[in-house]
Amino acid sequence: MTAGIAAALAGIKDAFYVGGCVRDGILKRPSADIDIALPGENIKAEALSLARKLDANVFEMDARFGVWRIITKKEKLQIDLTALQGKSLEEDLTRRDFTINSLAVPVTAKPKIKIKNTGGKNYFLLSAKPKEIIDLCGGLKDLRAKTVRSNGAKVFEDDALRALRALRTSAELNFKIDKKTLAQVKKYSGLITQSAPERIREELVRVFNCPNIKKNLEIMDAVGLLNALFPVLKDQKKCARVYYGKGGVFEHTLMTAARMEYLLENLKTVYPSYYKKIIPYAKDAALYKMTALLHDIAKPITAKKTGGRLRFFFHEEKGARMAEEILKNLRYSTFEIRLICAMIRHHLRPSNLASNDVITDRGLFKFFRDMGDAAVPLLLLCWADYASYVTDAQLKKIMPLSFKPVMTIDEAKAQSNVSKTLRHMQVLNFMFKKYFAASPKINPPKLINGSDVMATLQIPPGPRVGELLEKVTLAQVDGKIKTKEDALNYLKQIKI
C-alpha cells in the first residue's frame with residue numbers, strides 16, 4: 001500500500017507535498033495526513049483519479065479554497081489536495097502561517113512514504129532528501145532552532161485562528177515561539193472568536209492533548225487567548241485570594257488541570273489495583289482537561305461570605321449550565337457536553353459522602369445509580385480537584401497512604417492540614433474498590449419488574465410502581481432481600 005500511495009501521488013501534475021507532512025518528516029514525526037498543493041484547475045480531476053487508484057472515498061471539503069479530501073477505505077489514511085494560493089508555489093509558501101510550515105517537496109521527487117500505526121491509528125512518515133526540500137522562508141533554520149516564527153503580521157490578519165495555532169504548534173512540537181511572533185499573537189488574539197467554532201474546538205483539543213497543560217494555559221492567558229475564548233475565567237483571578245493564594249480560583253483551576261494531566265499519565269501509580277479497569281474511561285485526555293478548566297467557573301458569581309467564611313453555594317449547578325453554553329458554542333458533541341456537565345454538576349457529591357464517618361452502601365448505591373456512565377469520570381475529576389490543594393512533595397508523601405482505610409473525621413482534624421486531602425483520596429479509593437468489586441449492594445441485580453409489582457399488588461400502571469421498585473432495590477442494598485421470592489414477599493408487606 002505504501003508503494004502504491006507514493007507511486008500514485010508521483011503522477012499528480014505540477015504538485016508538491018507541503019506544510020506539516022514535510023515538517024514532520026524532517027523531524028521524523030508521524031503525520032496524521034498528507035497535504036498536496038497543485039493548480040486549482042487540476043484538483044477535481046486529480047482527486048477523482050487518485051481516489052480510484054487508491055480505492056478511497058473522495059469529497060470536496062472546501063469549495064472556496066479548493067480543498068478535496070481523500071480517505072482510503074481500509075487504512076483510513078487521509079490525503080488533502082489543495083489549490084495553490086497565488087499564481088505560483090512561491091506565492092503559496094510565503095502566504096503560509098509559519099516558516100516551519102512553509103516547506104515543500106515536489107511529488108516527482110518521490111520521497112519515501114512509510115505508514116506507522118500508533119494507538120490503533122495509521123500515520124504517514126514522509127522522508128525526503130535535503131536537496132529535494134524547497135525552503136523559501138527560512139523554515140529549515142527555524143526547525144533546527146526549534147522555533148515557531150510567523151511569515152509576517154498579515155498571516156494573523158488573514159486568519160485569526162493562527163494565533164491559537166501558533167500555541168498549538170509550539171505545544172505539539174515543544175518549540176518556543178519567537179518574541180515578535182508572540183507579540184503578534186497577543187495583538188490579534190481578540191479576533192479569535194471570529195473564527196469558525198469547529199476550527200477553534202479542533203485547535204483547543206489538540207492543545208489539551210499536549211503535555212504541560214498548566215504551562216500552555218498560562219501562555220494562552222498571557223497573550224489574551226484564554227480570556228477571549230473563556231471570558232468567565234477572568235473573574236477567577238480576583239476571587240478567593242485569601243483562600244487560594246495570589247492567583248485566586250484561577251490558580252486552583254490551573255492546578256486542577258495539571259493534576260488531571262498527572263493522574264491520566266500515572267493511573268498505575270495512583271490506582272495500582274484498578275488502573276486497568278479505569279483506562280477505558282480515561283482515554284480522552286483533552287475532554288478531562290477541559291472539564292478541569294471549567295469545573296469552578298461559577299465560583300466568582302456565587303462567592304458569598306457567611307459567618308465570616310467564604311462560600312460558593314450552588315456553584316457546581318450554575319457552573320454546569322455555564323459550561324453547557326460554552327461547549328455548545330464550541331460545537332462539542334451532545335455526548336461530550338452531557339458528560340462534562342455531569343462531572344461539573346456533581347463534583348461535590350463524593351465530598352458530601354465524605355462528610356460522614358460512615359459511608360453507607362445505600363449512599364454509594366444512589367451515587368453510582370444516579371451518575372451512571374459518568375461515575376468513574378467524576379471520581380477522576382474529584383481526585384484532580386483534591387490533589388490541587390497540596391504541593392508535589394505533599395502529594396508524593398500521601399499517595400501511598402490513600403490506599404489505607406478511610407480515617408475518621410476527627411483523626412483527619414488531629415493531623416496536618418494535608419490530612420483533609422488525604423481523607424478525601426481515601427474515600428475515592430474506597431468508592432472505586434466498592435464499584436469495581438461489583439458488590440450486589442452497590443450494583444444490585446434486578447429481581448422484579450413493573451409487571452411483577454402490578455400483578456402482585458393488583459395496582460394499575462403509574463408513578464407508584466416506580467416508587468415501589470425503588471423500595472425493593474433499597475431493601476436489596478440494605479441486605480434485607482436476595483431473591484425474587486424475597487422481593488415479592490417484601491412487596492406484600494408495604495402499605496399501599
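Which helices and which strand each supply at least two residues of the lining of the second largest pocket? Before I answer, please keep in mind that what we are looking at is a predicted model.

The elements in question are helix H12 (241-244), helix H13 (248-265), strand E13 (309-312), helix H18 (315-329), helix H20 (349-353), helix H22 (375-387), helix H24 (409-414) and helix H25 (418-436). H25 gives the most to this lining, with five residues. The second largest pocket itself has a volume of about 1600 Å³, and of the 47 residues that line it, Tyr243, Tyr244, Arg309, Tyr389 and Lys420 are the closest to its centre. By class, the lining of the second largest pocket divides into 17 nonpolar, 16 polar and 14 charged residues.

Because Tyr271 lies in the loop between helix H14 (267-270) and helix H15 (275-278), while Phe432 lies in helix H25, the pair ties together parts that are 161 residues apart in sequence.

On the H10 side the contact is made by Ile213, Lys214, Leu217, Glu218 and Asp221, and on the H13 side by Phe250, Glu251, Leu254, Met255, Ala257, Ala258 and Glu261. By class, this contact of H10 with H13 has seven nonpolar, no polar and five charged residues.

The structure holds three cavities of 30 Å³ or more, and about 50 Å³ of space lies in the largest cavity. Its lining consists of Leu167, Ser170, Ala171, Ile177, Val207, Asn216 and Ile219, with helix H7 (161-173) and H10 being the elements that give two or more residues. The largest share, three residues, comes from H7, and the lining of the largest cavity divides into five nonpolar, two polar and no charged residues.

Finally, helix H26 (residues 450-457) and helix H27 (residues 463-477) pack at an angle of about 100°, with their axes 9 Å apart, and H26 and H27 are therefore roughly perpendicular to each other. Here Gly450, Val453, Met454 and Leu457 in H26 meet Val465, Leu468 and Leu469 in H27, a contact that has six nonpolar, one polar and no charged residues.

Note on methods
Residues numbered from 1 in each chain as written. Predicted model: local features only at pLDDT ≥ 70, side-chain atom pairs only at ≥ 80, totals over all residues. Heavy atoms only, no water. Axes fitted to C-alpha atoms, helices over the stretch in contact; angles between N-to-C directions. Helix = DSSP H or I, 4+ residues; strand = E, 2+ residues; numbered from the N terminus. Parallel < 35°, antiparallel > 145°, perpendicular 65-115°, else oblique. Contact = heavy atoms within 4.5 Å. Nonpolar A, V, L, I, M, F, W, Y, C, P; charged D, E, K, R; others polar. 1 Å grid on protein atoms, 1.4 Å probe; cavity = no way out; pocket = protein on both sides within 12 Å on 5 of 7 lines; lining within 4 Å. Points joined across faces, edges and corners; volume = space filled by probe spheres on them.
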